[in-house]
Amino acid sequence: MLVLVAPGQGAQTPGFLSAWLDFPGVRGALEAWSDAVGLDLIRYGTEADAEEIRDTAVAQPLLVAAGLASAYTLFDDPAELPRKVGAIAGHSVGEFTAASLAGVLPHEEAVRLVRTRGLAMAEAAAVTETGMAALLGGDPEVTVPHLEKLGLTPANINGAGQIVAAGTKDQLAALEADKPEGVRKVVALKVAGAFHTHHMAPAVDTLAKAAEALTPGDPQVTYVSNKDGRSVAAGTEVLDRLVGQVANPVRWDLCMETFKELGVTALLEVCPGGTLTGLAKRALPGVKTLALKSPADLDAARELIAEHA
């Protein structure tokens with residue numbers, strides 16, 4: 001059984017879209033989505049430097065557009081995707097990629113909604129000086145209560161021993177001085193704010209208003225949600241969860257537990273892949289993994305699909 005996954009913010013690197021533009025339909029799709037959101041996604045994906053594409057309002061639509069475009073290079077006919085993919089999920093903003101590939105939202109609507117999300121989250125992040133930090137090592141049963149004691153949120157519980165804390169700069173400084181037992185190091189992340197925490201509540205309101213105008217379809221592929229790792233069958237519930245997830249922790253550990261229960265045998269990560277396959281290698285032993293980083297990975301990806309679809 002094949003699981004298709006989409007990465008979240010931080011996976012982007014300068015020039016990562018350059019090699020994809022020669023594939024039929026990719027440039028045209030990116031141009032159309034650029035017009036829809038008022039952002040030159042091709043320039044940001046090919047010419048912009050690391051600082052430009054770190055901007056939340058840019059990174060989020062860029063990642064979703066890249067994931068959507070790369071996913072369809074895997075199949076001769078886009079209609080093959082729901083027939084060959086057993087389950088689909090995305091990490092944080094990657095959930096929008098997954099939802100759109102599953103048929104919940106048309107691609108242009110998904111990219112447009114993500115642009116609204118990125119702008120709203122950037123605005124919310126400017127209210128208070130906040131940030132995020134990755135904890136290396138430690139036991140989640142010890143780490144999570146320790147973070148909560150310091151007023152921090154375990155914003156990403158990624159499995160394979162990975163937890164990302166989020167909160168104010170003072171709270172993060174306190175964490176650096178008072179690490180949970182077993183944590184070797186606290187590494188500050190280069191992000192604009194405390195994503196997936198109560199600090200993002202204003203962005204939830206903005207996104208909810210934008211989502212009111214949409215009519216989601218039910219997913220045509222088993223859709224696994226970041227909220228609790230559950231599979232969700234109703235498009236309206238998927239959309240509600242996409243909105244609320246902005247201010248709630250990402251439970252990728254529970255998503256991977258669901259993959260196990262579904263009987264996953266292979267996991268394929270769309271462009272710019274790497275992060276989620278890295279987690280899967282540690283948390284899903286025996287499952288074949290492949291990250292779609294460039295067109296050079298397409299032949300191997302198609303072989304994986306043929307073997308595990």
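1. A search of the whole structure finds 12 salt bridges, a salt bridge being a side-chain nitrogen of Lys or Arg within 4 Å of a carboxyl oxygen of Asp or Glu. This is a predicted model, in which local features need pLDDT of at least 70 and side-chain atom pairs count only at pLDDT 80 or more, while totals for chains, interfaces and linings use all residues. Residues are numbered from 1 along each chain as its sequence is written, and side-chain values use heavy atoms, with hydrogens and water left out.

2. Asp 178 and Lys 149 form a salt bridge through their side chains, at 4.0 Å from N to O. Asp 178 sits in the loop between α9 (169-177) and β6 (183-188) and Lys 149 in helix α8 (residues 140-149), so the pair ties together parts that are 29 residues apart in sequence. Helices (H or I, at least four residues) and strands (E, at least two) are DSSP runs, numbered from the N terminus. Asp 178 is partly exposed, at 32% relative accessible area, whereas Lys 149 is exposed, at 59%. Buried means under 20% relative accessible area, exposed over 50%, and partly exposed in between (1.4 Å probe, protein chains only).

3. The side chains of Arg 251 and Asp 253 pair in a salt bridge at 2.7 Å, N to O. Arg 251 is partly exposed, with a relative accessible area of 24%; Asp 253 is buried, with 16%. Elsewhere, salt bridges that share partners join Asp 228, Arg 230, Glu 237 and Arg 241 into one network.

4. Within that group, the closest N and O atoms of Glu 237 and Arg 230 are 3.8 Å apart. Glu 237 is partly exposed at 29% relative accessibility, and Arg 230 is partly exposed at 42%.

5. Helix α7 (residues 107-125) packs with helix α10 (residues 201-211) at an angle of about 160°, their axes lying 8 Å apart. That makes the two helices, α7 and α10, roughly antiparallel (angles under 35 degrees count as roughly parallel, over 145 as roughly antiparallel, 65 to 115 as roughly perpendicular and the rest as oblique). Axes are lines fitted to C-alpha atoms, for helices over the stretch in contact, and angles run from 0 to 180 degrees between N-to-C directions.

6. On the α7 side, the contact residues are Leu 113, Thr 116, Arg 117, Ala 120, Met 121 and Ala 124; they meet Pro 202, Ala 203, Thr 206, Leu 207, Ala 210 and Ala 211 in α10. Contact means heavy atoms within 4.5 Å.
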